[in-house]
Amino acid sequence: PVLDTEDAWVSVEGPVSIVELALEQKHIHYPLVEHQFVLCTVLYAIMRLSLKGVKPLSLFDSKGKNAFFKDLTSIQLLPSGDMDPNTLSIRQQFLLKVVSAAVQTLCSSQKDKEVSEEEYFPFEKGKNWPTLAADLAQYLQISEDLVRRHYVCELYSYGMDHLGEE
């Protein structure tokens, strides 16, 4: 980009401006950042919903695992559209666990009338874990409909029929 500056600023001496420093930085490889974001979201879901027995790196193939340890400015080989069926099965099980744990947490907070959802998840106002799992399904190449159907089934199984109908 071309930066137009006034003549008065051209003769100014001092440290380099933050804009010039930013323009000198290497450009990041955005798909690699998205890949890192998926891992962060997976780790946060595991931590926040107290999921046991989940190995986060098992959700990724060898190319995906190697990409985590590279510089964000490098162009890396990321997982292609062809995935191992075992990896897809592990991903599907993980997303269904997230939805089940989210509904279970919601139901337990609803039963305890003293504790509202905002108090149970104080920093997550408006955070809808089942919707997040459905969004994550796109990145993990799992059917979004499968996650949504599981969410509805979980709502009905916990007696939250009014939410299941919606």
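**Close-up 1. The Arg148–Glu144 pair in helix H8.** Arg148 and Glu144 both belong to helix H8, where they stand 4 residues apart, about one turn of the helix. Helices (H or I, at least four residues) are DSSP runs, numbered from the N terminus. The model is predicted: local features need pLDDT of at least 70, side-chain atom pairs count only at pLDDT 80 or more, and totals for chains, interfaces and linings use all residues. Residues are numbered from 1 along each chain as its sequence is written, and side-chain values use heavy atoms, with hydrogens and water left out. The side chains of Arg148 and Glu144 meet in a salt bridge at 2.9 Å, N to O, the term denoting a side-chain nitrogen of Lys or Arg within 4 Å of a carboxyl oxygen of Asp or Glu. The structure holds 1 salt bridge. An α-helix has 3.6 residues a turn, so residues three or four places apart point the same way. Arg148 counts as partly exposed because its relative accessibility is 39%; Glu144 is likewise partly exposed, with a relative accessible area of 24%. Here buried means under 20% relative accessible area, exposed over 50%, and partly exposed in between (1.4 Å probe, protein chains only).

**Close-up 2. Glu154 in helix H8.** Glu154 lies in helix H8, which covers residues 144-157. With a relative accessible area of 14%, Glu154 is buried. Residues up to four places away in sequence aside, Glu154 touches Ser100 and Val103; contact means heavy atoms within 4.5 Å.

Close-up 3. H3 has 19 residues and reaches 26 Å from its first C-alpha to its last, close to the 27 Å expected at 1.5 Å a residue. The expected span is 1.5 Å times one less than the number of residues. Buried residues of H3 include Leu32, His35, Val38, Leu39, Val42 and Ile46. Just after H3, Ser50 takes a positive phi of about 55 degrees, a positive value in a residue other than glycine. Ser50 is found in the loop between H3 and helix H4 (62-67) and is partly exposed, with a relative accessible area of 48%.

**Close-up 4. Gln141 in the loop between H7 and H8.** Gln141 sits in the loop between helix H7 (129-139) and H8. Although not a glycine, Gln141 has a positive phi of about 60 degrees. At 34% relative accessibility, Gln141 counts as partly exposed.

**Close-up 5. The Phe60–Phe68 aromatic pair.** The structure holds 2 aromatic pairs. One of them joins Phe60 and Phe68 edge-to-face, 4.9 Å centre to centre with 85 degrees between the planes. Rings of Phe, Tyr and Trp (its six-membered ring) pair if their centres lie within 6.5 Å; planes under 30 degrees apart count as stacked, over 60 as edge-to-face and the rest as tilted. Both Phe60 and Phe68 are buried.

**Close-up 6. Lys26 in the loop between H2 and H3.** Lys26 lies in the loop between helix H2 (18-24) and helix H3 (30-48). Lys26 counts as exposed, at 64% relative accessibility. The C-alpha atoms of Lys26 and Leu72 are separated by 9.4 Å, although these residues stand 46 residues apart along the chain.

Notes. Helix = DSSP H or I, 4+ residues; strand = E, 2+ residues; numbered from the N terminus.
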